[in-house]
Amino acid sequence: MKNLASIFLCLTIVLTACHSPQAPQFTIHYIHLEEYEGDTLYLWRSADKLYTGDRDNERGPLATAVVKDGKATFTGPEDTLNYYQISGIRNEEIRVYPERGEHTIFTIQTDKDFRDFSFESTNPYSKNRELHQLRRDNKYTPGVIRKIAFENIGNAVGIKLLSDIAIIYPDELEWIYNHSNPQLQKRAEVLINIKKQLKETRAINPGDSYINFKQTDYYTNDTIQFSDIAGKGKPTCLFFMPDPNIKNCIRNEIEDIKAQYPDVQIVIATSYFSDPENTDFLEELVNTHKATILDDSRTFENSARWFYRVRSFANYIYLFDIDGKLLSKKPVQYTDYDTFITTWYNMLTAWSKPPLSLSSSSADYLATPEYTVFKEFVVNSPDGIYLMLDFCLHYESAFGLNSYFIDDIVQTKYKDAPRLRDYYQSFSTKKASAPEIVKDYIKRIRKMAHL
């Protein structure tokens with residue numbers, strides 16, 4: 001009986017092992033490759049800003065596949081801590097998240113110069129498909145990217161977005177690091193850097209004293225100590241401005257602060273900009289608001305951004321009282337920014353397609369449904385006009401189609417507003433006068449928007 005029991009136990013273990021669930025698998029089909037019949041494709045573990053990839057370590061590919069009947073297939077266990085890369089066709093390298101399910105990839109020739117990739121998947125929760133769909137539908141916007149990055153902070157998708165384009169704020173660094181995957185903490189470049197920054201800097205909260213730093217004046221190259229400005233009897237606004245493109249949002253923010261604290265000192269930490277509109281804007285901030293501009297474009301770990309934990313391409317304000325104690329901190333951003341970007345890109349996409357793109361009549365463009373949606377948003381959003389002026393009116397675009405839709409939208413919102421087209425037609429040398437036209441026109445519209 002004892003021997004029989006032992007045999008039964010062994011049989012039970014074997015049967016259980018045979019029926020244990022297999023690790024989730026991915027299958028990637030790369031199709032429509034008929035012109036590359038017989039070519040070899042390679043599957044690599046990709047660096048992609050996560051950590052050093054296999055090719056950097058002189059390791060071979062994870063797998064190879066020969067194109068047969070226009071298709072190459074790769075299969076393996078799901079890997080949530082990496083991105084993979086397929087190479088071997090032209091100079092194209094397709095990066096894909098090796099998630100469970102069966103995935104089909106194929107290229108699309110969107111026009112004679114540009115090729116895009118399409119993803120299909122049997123995985124209803126496919127991140128590959130979700131990200132591709134959002135990008136294709138012009139909804140791959142800052143708010144959406146942040147949401148996906150934070151939801152996936154424990155896997156390669158979140159870390160890739162965090163490394164590339166996701167906006168994060170100073171108070172979020174500790175949460176990000178603590179909720180990330182321990183294996184990625186040891187290998188992912190961005191997490192290694194965040195750990196170092198958390199160790200070498202401190203959080204600053206209301207009531208805390210400012211953090212001192214040394215930087216150079218943007219215009220004179222003189223050395224500036226923040227302690228020479230902050231805590232000297234006047235409020236101080238330390239404005240980190242890596243993105244000067246939201247000019248009217250920045251103007252509004254500074255004007256609101258100065259209305260509350262008339263003697264506030266504005267200190268702007270920014271980068272060097274060669275674009276004429278941005279250099280003009282910095283000069284405006286100096287002349288209008290007596291701002292001190294600091295060149296913060298040096299190596300990140302030697303920058304003011306490092307000490308204040310400002311990592312991403314987003315504007316951020318620290319406001320200190322007369323003794324240098326923190327009053328408040330916040331990002332500087334537009335409301336409804338994501339909606340603006342989506343509706344604007346939808347409009348531009350519709351306008352770029354023939355036969356409409358071949359039309360020389362502005363009325364044809366303004367008759368599209370996409371324009372109607374864009375116009376309704378701009379007219380009804382609290383920041384809509386400011387967003388449109390910032391993103392649609394530049395020195396080089398004061399003429400042509402932009403002037404028609406700007407006139408249409410602004411005069412719908414403000415019946416007494418001047419027409420941009422009349423405005424620039426009054427200048428004898430149109431294009432040479434574009435900067436003056438744009439700046440003067442924006443001033444007039446801003447005055448109407450402030451009423």
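Contact here means heavy atoms within 4.5 Å. With that cut-off, 65% of the contacts in this protein between residues at least 6 apart in sequence join residues at least 24 apart. Welcome to a predicted model, in which local features need pLDDT of at least 70, side-chain atom pairs count only at pLDDT 80 or more, and totals for chains, interfaces and linings use all residues. Residues are numbered from 1 along each chain as its sequence is written, and side-chain values use heavy atoms, with hydrogens and water left out.

**Overall make-up**

- The secondary structure comes to 17 helices and 15 strands, taken as DSSP runs (H or I of at least four residues for helices, E of at least two for strands) and numbered from the N terminus.
- Of the 451 residues, 48% count as buried; buried means under 20% relative accessible area, exposed over 50%, and partly exposed in between, with a 1.4 Å probe and protein chains only.

**Two loop residues**

- Leu-33 sits in the loop between β1 (25-30) and β2 (40-46), and its relative accessibility of 2% makes Leu-33 buried.
- Leaving aside residues up to four places away in sequence, Leu-33 touches Leu-41, Val-67, Gly-70, Ala-72 and Ile-89.
- Leu-33 and Ala-72 are 39 residues apart in sequence, while their C-alpha atoms are 8.1 Å apart in space.
- Arg-309 belongs to the loop between α10 (304-307) and β14 (316-320), and Arg-309 counts as buried because its relative accessibility is 6%.
- The side chains of Arg-309 and Thr-201 are joined by a polar contact of 2.8 Å (a pair of N or O atoms within 3.5 Å; within protein, one must be able to donate a hydrogen and the other to accept it, and residues adjacent in sequence count only if both atoms are side-chain atoms).
- Beyond residues up to four places away in sequence, the residues that Arg-309 touches include Pro-170, Leu-173, Glu-174 and Gln-197.

**Helix packing**

- Helix α4 (residues 156-164) packs against helix α7 (residues 189-200) at about 65 degrees, with the axes 9 Å apart; axes are lines fitted to C-alpha atoms, for helices over the stretch in contact, and angles run from 0 to 180 degrees between N-to-C directions.
- That angle makes α4 roughly perpendicular to α7 (under 35 degrees is roughly parallel, over 145 roughly antiparallel, 65 to 115 roughly perpendicular and the rest oblique).
- From α4, Ile-159, Leu-162 and Ser-163 meet Val-190, Leu-191 and Ile-194 of α7.

**Aromatic pairs**

- A search of the whole structure finds 29 aromatic pairs; rings of Phe, Tyr and Trp (its six-membered ring) pair if their centres lie within 6.5 Å, with planes under 30 degrees apart counted as stacked, over 60 as edge-to-face and the rest as tilted.
- Tyr-83 and Tyr-97 form a tilted pair because their ring centres are 5.8 Å apart and their planes are at 40 degrees.
- Tyr-83 lies in strand β5 (residues 83-89) and Tyr-97 in the loop between β6 (92-96) and β7 (101-109), so this pair ties together parts 14 residues apart in sequence.
- Tyr-83 is buried at 6% relative accessibility, and Tyr-97 is buried at 5%.
- Tyr-210 and Phe-320 have ring centres 6.4 Å apart and planes at 85 degrees, so their pair is edge-to-face.
- This pair links distant parts of the chain, 110 residues apart, with Tyr-210 in the loop between α7 and β9 (214-217) and Phe-320 in strand β14.
- Phe-320 has a relative accessible area of 0% and is buried.
- Ring pairs also link a cluster whose members include Tyr-337, Phe-340, Trp-344, Trp-351 and Phe-405.
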